[in-house]
Structures are given as C-alpha cells and as structure tokens.
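Biologist: Could you take me through this model, one region at a time?

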Amino acid sequence: MKNSSKQALELSRRRFLLGTGAVGATALLSGLWSKSVLAQAISQALPQFTVLRPAQKGILTGAHWGAFEAIVENGRMIATQPVKDDPYPNELIEMAPYQVHADNRVKYPMVRKSWLEGGPGSRTELRGRDEWVRVSWDKATELVAGEISRIQRDHGPQAIHAGSYGWKSVGLFHNCRTLLQRMMNLSGGFLGYAGDYSTGAAQVIMSHVVGSMEVYEQQTAWPNVIENSQLVVLWGCNPMITLKNSWNMPDHYGQAGFAALKEKGTRVISIDPLHNDSAQFLNAEWIAPRPYTDSALLLGVAHTLLTEKLHNPDFLNTYTVGFDKFAAYLLGKEDNQPKTAEWAADISGVSADEIRTLARDMAKQRTMIMSGWGIQRQHHGEQQHWLLVTVAAMLGQIGQPGGGFGFSYHYSSGGSPTAKGGILSGISAGNAPKNSPTPIPVARIADCLANPGKTIDFNGSKITYPDVKMVYVAGGNPFHHHQDTNNLVKAWQRPETIVVNEPYWTATAKHADIVLPATTSYEHNDLEMGGDYSQLYVFPMHQCVQPQHESRNDFDIFAAISERLGVGEAFTEGKDETQWLKSMYDDMQIQARAARVALPLFDMFWNSNNYVRFPVPQANTQWVRFADFRENPLLNPLGTPSGKIEIHSDAIAKMNYADCQGIPTWMPPHEWYRGPEAAQYPLSLNTAHPINRLHSQLDNTPLRKKYAVADREAIAINTEDAQKRGITDGDLVRAFNSRGQILVGAIVTNDVRPGVVRISEGAWFDPADPSKPGSICKNGNINCLTFDIGSSSLAQGNCGHMAQLEIEKYQGPVLKNTAHQVPAGA
C-alpha cells in the first residue's frame, strides 16, 4: 500500500469514527487526497457508522411522496427506485423524470407583454391570456427588485403580500417560501399570513380546547395502537391515500400500521359519505352520513352516551371543564331540542339505531378515533373537531393505551415512533422589521385583495386589510388551493405586479406579470429530514441533473434579487450552497453526538451516497398521547387557561361570536342539502384528496392516465343519481352552480351515497375562454364551484370541502384540454 493510502485510512479511523474535528477534516478532504484515495478511506470508515444506509444503484434524492434513487443516463433522469427500507413505496416517485423533463417547464425569465410595455398595473384584466416576452436574468431581477423597492418606498411593507403559501418542494435549504420571506424581511418587511388551508379551523379551535394545534402533534405510537385498540373509528379520512405524501419526506410507517390492523383483524368503522379506498382496504364497516352533518351525528352519539350513562363522569370532572353546560345543550334545556339519536338521524341520514350502536360500541371497548381534516374545511368547521374531542372525553379513554383521539394518523404518519438522533434545521427567514403588518388569515387572500380597508374578526381580534400592490408567490399555487376561482380571477386583477417563481406553467404562473424559472428539487443539492413525526431519516438530496433550460435554484434567484436590493451579503451571509448544507449538517451532527449516535463528517456523508436512519428507543414505540396529563393533570397541565380540556371555553364565549359559541354546537352550514340552494343545486360536493398526485402537483405527468376520464378530472356519481340524469360511466359531464362550471368525466358507482358527488381537488384551472368570467373549466378544477367565506369569525378557515351543485351530460362542442400547455410567447 502506498504511503498516502495508509495515511488516508488512518485519517478515516482517527478522525471520522466519532465525527470529530469537522473543520480540519473538511480541508483535508477537499484538497489533500486524490479521489481514489478518498473513496478508499470512505469505504473503510463507513461501516463504523451503523446508522448509515447506502443507495443501491442510483443518486439519492426525494420528494413529498418518498425518498428514492434517481437513475441518470447521459444527463437525463430516466427512472427511479425507492430506497431499500421504505416500507410502503408508491408509484408517484416514478414521475420524477417527467417532472424534470416536462414539456411545460418555464424555460426562461418571462414578462407579460402588457406589463412590460405599459408598466405596473397595465391591462391587468389580460392576466391569464396575455402574450409573454422573454427577458434576460439580469433584466428580470432588475424588474423584480425595482418593484419591491418602489412599493416599499411609496406604500410600505403592508402593500407586498409575500406569504407564498403552499406545498413547496422538499429540501430545508432551498425552501423557497423561507428564502422569499428572508429577502423580504431584510428589504423592509411584507404582509404575511396566519394559519393554513389544510387545518385552518381545527388548529385555532384546538388551541382553545386542548392548548395546542393538535392537528400537527405526534400521536399515540402505532405499535401501542396495534396492540391495544379494539375499535378504530376513521372519521372523514382516507389514510391509505393521504399517507402517500408528507410535508417532509414520508417514512410511510402509517400505511404499515393500518396494514397491521388489517392483519390482526381489528374492527374498523369508516364514517364518510364515500366508501373510500381505506375502508375497502381495511374491510371496514361503512357509515355514510350526509355531507356537512358530522356535528349533528356527533351530538347524537354524545346524547346517547349521556342518557344511557355510558360516559365517564370521573374523567370529565377531573380532566375537563364545562361539561355541565354542554350536557344542558345536549338535553335541550335552553332551546327545547334534545340532541337525540332521532334528531341527529333526521339531519345526518344515519339511522337512530346506527347512531346508538356506534355510541355503545365505542363505550364498551378501547376505542381510537382517527379523524381527518376534510370535515373541518367547512362552514362552522371548528365544531366538528371540538365535538370529536368532547366525545372522546366522554368515553374517558384519552391518555390510555390505544384509546382517545388522533388528528394526524392520516397525515405524514402521525404515530410513527420518534427516533433518537439529531434534527436538521433549514435556513431562517430572519426577524421581521418592527413596522411589519399584521398577518391576514391565509384563506382570506382574495377577500383582502378585492376589499382593501375591510375589517374582519379573527380569533378575538380585528384585522383590517391593507391595499396590496404586489404579490410574490414562490412554491405555491393559489389558483389550485383557493376557493371560488372565478372570484379569485377578479381579485387577482387588483395588484399592480404579480411575481411567480415556478418550474411549470401553472395557472398561477399564467396569471402573473413576471415569471422566474425555478429548478425542481432534482436539479440542485439539499438536505431533508424523513418522517415528519418520527424524525427517522436524514436524506441527502443530490443534484441529479443540471438545471434545465435557464432555470435557477431558489437560493440563487433570491440572492440575485437581494444583491440588487442592497442586502445581498446579509442574505447569503457569505456562504454558498455547499457551505450552508455543511453548517446545517454540522449542527445536526452535534445533536446526534449528544444522543450518542455517531455520524461521519459532512464531506464523508455527502460523498458516500448514504442516508441516515436513526435508532428508535423501545420506550418510544409505546408512547401514549396525553398519558402524562392523565397521570397528573396538575404537574402536566394542558396549554389552556384551565390546564384542562375545555368543553366550554370562557375565552371563546367572551368573543361573542354568533357563529362560534362557548360550547360546541350544531349550526346549519352556508350551503347544504336543506339550504335554499339545494332546490336548484341538489347534489352535495365532496372534494377528496386525489389518489395519484399531491394536490395539484403531478397533474402534468402520465399518472393522469390512471385517474382522468376522457382526459378530465373524474366525478364519482351514485348509480341512482346518474340514472336520473341519463349519465353513464365514462360520459363527459358538466358540473355547475351559480359560481362556475367545469367539465369532468363520470365514474358511476355505489361507493358514494346518493345525493353526493366526489371530485378530487387539484386539477389545473383551464377556462375555455379566459376573457369571459365563469367560462367552463375544461380540466375540472373543482374550486370553480366552491365558495369563499371564512369557516367562522373565530378561525376564518377555508370551506373548500363543500358546495351544492348540479350535473348534466355534456352536450356541447368537444373542448381540447389545454391545462398543461405553455402560453403564447413562452
């Protein structure tokens, strides 16, 4: 062996084994040793780090739907394969090559022709149908920086909305939303947002009821549930579908958990207007209430528990406050309407016998209620989750093994046992300037744009909308996630300038003034955690291919604009991509060392094409949510004013909101089957999460062939409803109401209850004639039909899960779907 090789191997043993000497080793690795010697040192040292897992044959990277290895040939990504220990991989990862090489990539910096010729505010009614002009990157960054400077100077930070909400690509460094906010904070501030579209109503009400958002909390660990739960109630969720994805990279532990329940034969009840994929997979019993009536159904269950003395008074007295007021409401002492099973049956369409049986079954065995979020994306959506907690409290099983409730079992694998190691932290958005405006509720953005000066209630305070002159979107797609799309089109015309960073020509990009081409996550380097709740993995996201066309990564885009704004050095802190990634890893490595988990130095880790899988302590596999609170509520109080579960909230009661009172109640929603709209629009909408994409992501890939019907978004229609309208399987259907119309393809089935239709959210907006308001969307964007009001004065969450509509067999001319085409000039 050559002397240099001996030295290298000695270096691997001496300096890498415990992950110490990071600064010195980086210099040694970067320049002293040849690649062959370095590779030999790494191969000798890596077996010492037992938490490392190697790639099999590709380049490690990942997405919201899983970590995977990219197969690259001649500079093109041609295939993928899941990492070896993914317990439940899905086919969404196979779309990565199509994402990189999509026909509708934004290839160059583009400016809307009328805006470029006439300046800010010119011909805003042409957004979505104007021509585009290619400009250089220098010109594009000059225009964007100039607008930020002008509006900051003339109108202040409240005039720039840079909230940029949405499912940005994974990666903790190239986090476009954080990078945008970092730049805006350094350059004077911006108008941000509060809450989110996913859980807007639930996260606010839960903070009052149990003292935390709860919807994003770790759940009782899956091994504990599998061992101890005798009955699992899935209330308004389809976890085998939604668990394909996560906010970071999924560990896919949740699907394995449900598979284990199935294998064990645990009884499962699915409460949903649809006999969904998860219910079918689990052989679950199906209870199908009418849409938007969950609160009434829960009150019928609660009334049965109370009047049949199936509730747990000791738990209620010890761990909750306000049950007496709620019991009085159940018994109808003030409104003379007891909330009996018969009363609930009349509203919900579930028989009184079924309601009583459900209550009795939950009371007589260890029951875990697993709820989804769709039921709170409704008018009065706060009530459903408040009532779920109340029913769980009446059962008295909260904090016991396998019992209680959980609101994230269907999302990012809540309940996946927490690992022991380190946590990666991404780049920071920094501190907001002192004059920064009050954020607005995220789902009120169209209302804000259209109505400057309007004041609304929000969680006990008043918020007045500013006059927004500029909108900057990065990593989001408002034309997918916001309700009442045709109303949004009008509101979107008010700002003077709209800037979008995007890899693709989405509807939001088409409705912008300046579009900057951003790389996909496969065209730059990054780091990401795997397992949102388990914190199980650390994945290197290696650049798989070169940036396509003239696209740039998010950090470089914002660094260039920041430089023109005079804050470039503060934005980058003098570090490039590699230096930022190293600092993130080094901080995480220090935490891992404290947890007695050995990791190699950054350079070794990065060059090895390995990922990290941290160990899971045995005790964490049996963790029970609220167990500490149940054991000693005085020493382990909740974050509520009383320290207990608040079935009655004094704080909410003092807000005096007519649409959200001090106890959970039933209130008829804005639209439902008994509302005045139902005479003209008798069908109730369910906007399920799509099966083969993540919201609007991947709609422009070949996976469409698996779900599109006649090249449109599908609509599931009950056989009886289809027969009444002369609709057969595969027909083109026009779905419509007073807000808009869409073209969809029929799936006729008995897996949806009569009077209900299901159209998944996420289809890209594609109006047949953009110059005509309300023109039919040729691709089936369901938000053309949903309404845009807040869930209540308390949370102002969105109501995207509901609407009344009618359908008919489409008889018009054949309309080509152009949702994924590039606009003129691009």
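Modeller: Let us begin with a definition: buried means under 20% relative accessible area, exposed over 50%, and partly exposed in between, with a 1.4 Å probe and protein chains only. At 29% relative accessibility, Arg-53 therefore counts as partly exposed. The model is predicted, so local features need pLDDT of at least 70 and side-chain atom pairs count only at pLDDT 80 or more, while totals for chains, interfaces and linings use all residues. Residues are numbered from 1 along each chain as its sequence is written, and side-chain values use heavy atoms, with hydrogens and water left out.

Biologist: Where is Arg-53 found?

Modeller: Arg-53 lies in strand S1, residues 52-54. Helices (H or I, at least four residues) and strands (E, at least two) are DSSP runs, numbered from the N terminus.

Biologist: Which residues does Arg-53 touch?

Modeller: Not counting residues up to four places away in sequence, Arg-53 touches Asp-85, Asn-610, Tyr-611 and Arg-613. Contact means heavy atoms within 4.5 Å.

Biologist: In what order do the strands of the open sheet with S1 run?

Modeller: The order is S1-S23-S22-S21, 4 strands with antiparallel pairing. Two strands pair if DSSP finds at least two bridges between them. S1 and strand S21 (526-530) stand at the edges with a single partner strand each, so one side of each has no neighbour in the sheet. On average, neighbouring strands of this sheet are turned by 30° against each other, direction ignored.

Biologist: How many bridges join S21 to S22?

Modeller: There are 5 bridges between S21 and strand S22 (residues 537-541), which run antiparallel. Glu-528 has Phe-539 in S22 as its bridge partner.

Biologist: Moving to the helices, at what angle do H6 and H23 pack?

Modeller: Helix H6 (residues 137-155) and helix H23 (residues 554-565) pack at about 60°, with their axes 9 Å apart. Axes are lines fitted to C-alpha atoms, for helices over the stretch in contact, and angles run from 0 to 180 degrees between N-to-C directions. H6 and H23 are therefore oblique to each other. Angles under 35 degrees count as roughly parallel, over 145 as roughly antiparallel, 65 to 115 as roughly perpendicular and the rest as oblique.

Biologist: Which classes of residue make up the contact of H6 with H23?

Modeller: That contact has 8 nonpolar, 2 polar and 3 charged residues. Ala, Val, Leu, Ile, Met, Phe, Trp, Tyr, Cys and Pro count as nonpolar, Asp, Glu, Lys and Arg as charged, and the others, Gly among them, as polar.

Biologist: What about the closed barrel: which strands form it?

Modeller: The barrel has 6 strands, running S25-S29-S26-S28-S27-S30 with mixed pairing. Its neighbouring strands are turned by 45° against each other on average, direction ignored. S25 and strand S30 (residues 804-809) pair in the antiparallel sense over 2 bridges, and Ser-684 has Gln-804 in S30 as its bridge partner.

Biologist: Is Ser-696 buried or exposed?

Modeller: Ser-696 counts as buried, because its relative accessibility is 9%. Ser-696 is placed in the loop between strand S25 (683-686) and helix H29 (704-707). Leaving aside neighbours within four places in sequence, Ser-696 is in contact with Asn-477, His-480, Gly-762 and Trp-764.

Biologist: Last topic, the hairpin: how many residues lie between S16 and S17?

Modeller: There are 2 residues between S16 and S17, and Asn-459 in the turn has a positive phi of about 55°. Strand S16 (residues 455-458) and strand S17 (residues 461-464) run antiparallel and are joined by 4 bridges. Ile-456 stands opposite Ile-463 in S17.
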